[in-house]
Amino acid sequence: MVGGVSLLTLALSGCGNQSTLTTDSHASHVISNLWWGMLAGSAVVFAIVVALLFFGLLRRHGTDPAERDRIGSGTWIVATGGVVFPAVVLVVLFVVTVGALPATSPSGRTSLTIDVVARQWFWDVSYSGTDVRTANEIHIPVGESVLVRVQSSDVIHSLWVPALNRKIDVIPGETNEVVWRADRAGVFRGQCAEFCGLEHALMALYVVAEPRREFDAWLAQQSRPGAAPATTTLERGQQIFLGSACEYCHTIAGTNASGTVGPDLTHFASRLSIAAGTLANNEGNLAGWILDPQHIKPGNRMPATALSGTELQLLLAYLESLR
Amino acid sequence: MTLAQLDRLERSWAEPRGLVAALTTVDHKRIGVRYLLTASVFFLLGGVEALVLRLQLAGPNRRLLSPEAYNQLFSMHGITMIFLFVTPMLSGFGNYFVPLQIGARDMAFPRLNAFSYWVFLASGLFIYSSLVLGIAPDAGWFAYAPLSTTSPGLNLDFYGLGLILLAISTTAGAVNFIVTMARLRAPGMSLNRMPLFCWSVLATSLSVVFALPALTLDCLFLELQRKWGFHFFDSAHGGNTLLWQHLFWIFGHPDVYIIFLPAVGIVSTIIPVFSQRPMVARTWSILAIMATAFLGFGVWVHHMFAVGLPQLTMTFFAAASMTIALPAGIQVFAWLATIITGRPVMKTPFLYIVGFIVVFVIGGLSGVMFAVIPFDQQITDSYFVVAHFHYVLFGGAVFPIIAALHYWLPKMSGRLFDERVGRAGFWLIFLGFNLTFFPMHISGLLGMPRRVYTYPAGEGWGLLNLLSTIGAFVLAFGLVVMAANLAWSLVAGAPAGENPWNANTLEWTTSSPPPSYNFPVTPAVRSADPAWDHAAREDDRERLRDGMLVFPDGHETAGTTELGGDLDEVLRMPEGSGWPLALAVSLAVVVTGLIASSNIAAALGIVCCIVALAGWHWRTPEGRAA
């Protein structure tokens, strides 16, 4: 146990931000407090059981008849340790459980509603009441409760951003809800938590919590159609996009590309990641992704696109202009 | 009693060597050994799968396995360990030792028993043929719809059909156990004197009978939807996605106890023996076993706290889930009290039980946490869950299974293992186990989801996973040492004698290994610890002298009343038969026909089943059919 606890401390010192042991939101803080409380309680119970076990194994048996009499038949040990003690602990635990439910359940006023459709294997995100549609990245204002409604277009997924709240399963045919409220600005990683097939492991997302002003600016920016090509280079890049298979699966608002199989790319360049949190969004990664997505995320729905070196450069330039 | 009588007993019960006898045997001991060996092979396969998975996860972004290979392997690991290893392994101990512990000469339905084994073997081979073909089930061991209903290929058909086939075996086995314990106990063994291991097998069997139909129905719906266009789980056509989960966990949670309770029985068998005193609060233990089996049916929704159910529903199931900690508490403290008030003898089987208590308490405590709804909703489907259920399944079931192997193998083989190597094996397994699974608690708390074939660097999961991988190989090495020691004992172990542990139950009153007829005379039982009852053993010798309750003519055993265990009738037991095997093969033909989409083959299989059933029942032997 000592080894375990020191391991715990060691691991916590280097943790990333998908950890559940966080105080970035009230809901997750309540849950992590539950954990620490239960860990403490469990440690006590464990210590008692192990102490009794070793007492039984190590004491010199039968040499002291008085001691035998004191212990008696042993049934009282069972009644105390196995019935009375756990019953009291469990009643307390039940009350605590019921008490913690409101903090983690959807209730109260929310300032914003975000619709998330989970697909194999990315997150399709839109903001209710606006034209904003994005993927694998959700921006929210700090300090405000936002309602996240989740639906699935194929199999069961589970939306899990541990820093912001519990997970919520995404069930075909149902709409589930979770409320997020970030207590500080930051980028929080999340991931699909219900096995959803081949690329379940590579179905992550980022939640960007930012002050209201920055959020409003972001939302306004995302509401616009895709940037029109400002130079001939970008124009040629756009032609390559529209002239290849890309447009069958992706949408860029303001162009003819209106496919819905893959993520909306209208403001692709403003995002942090490619392929649902798989790669950082930079030109080199994007080039690799376009040329051979099956190597990076085997089995995903995007086929490789054969392009010459020039074509690739032009296409990259265009996509990177979609801020 | 004369030597001639013993000779007649031997002649009527002994089976000849050779292929025909091997295929037609109905001897519960041979069938029990087959269960143990077959399940051990599946344990080996599931273990190798786990090692490969651990290699893939040893560090972030590793590419040893493709996602498809990983998903097949983790699914097969779960399916193998849950369905093809633990339950059949415990059936093996049950088959071998329930009749011996109750003083009977066989199971109540010996032919049905043979049939159960053959069907188990067939379903195991059927499911594993998919891995050989590279099209193994790849949707996890609980195969949630609609992933399982919409996935292409035959992968999930192997799952659905294989589990339907296996359910036939498990159900037949459970019914056999129930009737055996109800009717075949030696005269004098009233129900309250039945050994605790038998009680746990009884509770398990009752659970199987009521829980398994939910899984079978689920798999039936799955196949109807996959093969014939039904819409049970299809929300777009009036079905319901969550129906799968409800049915699955109505089976699945009782299944946790179907796995765990026989292990409890093993622990309650071994602790009194190595504490050299009767079990403390024995009646409480029995009630705890039965209560666990019963309550196990009322907690399934805690597997579904994240699916978006109403709060009131979840609160009810949270309370029910917490309640089940009470019988577990009674069990643990009854064991502790037995040890404290006894005179512990530290031998390898007991060492595993001590290890079990330590590990199981950790798993039990982390289990209670899942009843705390918000914590469950945060932590479910993370590696914390993987850690938890390995603590309760490996710690709670495999440790007792290994303890039982050390405890009972000397009875089965007549030879003892090496004690020092036995201890070394234990320490390797105990340390390897904790090194593998303890860090998973932490990787789960740090947000690592389960069932991922890869994970990024930078979340702090890499070191923990490396430790788990190293632990897995230490664990595997320990298992090899343990198995080698047991294998060596079969060849060169010291003679065990009748009762090397000074144990209290009836199997230790006959020779090691037991004769084909188990007991020369139906043993006298006047307490819950008959092997410690010297007066009753004196009775046996007297009965043997007088030829009472020997039943030397043909396959006969004592039938007793269900509660009081009073002698009721002498039961004629069937001889060996090839029909159970024929019926099992016919069933295998049916599922193979279905998987190959050959309706002709499936129909042919059904005809074969009818023929086999007719053949089986054609001539009913006097007294009782198979």
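A polar contact here is a pair of N or O atoms within 3.5 Å; within protein, one must be able to donate a hydrogen and the other to accept it, and residues adjacent in sequence count only if both atoms are side-chain atoms. This is a predicted model, where local features need pLDDT of at least 70 and side-chain atom pairs count only at pLDDT 80 or more, while totals for chains, interfaces and linings use all residues. Residues are numbered from 1 along each chain as its sequence is written, chains are lettered from A in the order in which they are written, and side-chain values use heavy atoms, with hydrogens and water left out.

**View 1. Polar partners of E507(B).** Here the side chain of E507(B) makes polar contacts with the side chains of Q101(B) at 3.2 Å and T505(B) at 2.8 Å. E507(B) is buried (under 20% relative accessible area, 1.4 Å probe, protein chains only). E507(B) has no salt bridge (a side-chain nitrogen of Lys or Arg within 4 Å of a carboxyl oxygen of Asp or Glu). K411(B), the nearest side chain of opposite charge, is 7.7 Å away.

**View 2. Surroundings of I138(A).** Let's move to chain A, where I138(A) is among the residues with the most contacts inside the largest nonpolar core, which has 260 residues (buried Ala, Val, Leu, Ile, Met, Phe, Trp, Tyr and Cys joined through side-chain atoms within 4.5 Å). Beyond four places in sequence, the contacts of I138(A) include V116(A), W180(A) and L205(A) (heavy atoms within 4.5 Å).

**View 3. Where chain A meets chain B.** The contact takes 88 residues from chain A and 89 from chain B. Zero salt bridges are counted between these chains, but 22 residue pairs are in polar contact across the interface.

Terms used: Buried means under 20% relative accessible area, exposed over 50%, partly exposed in between (1.4 Å probe, protein chains only). Lys and Arg count as positive and Asp and Glu as negative; His and the chain ends are not counted.
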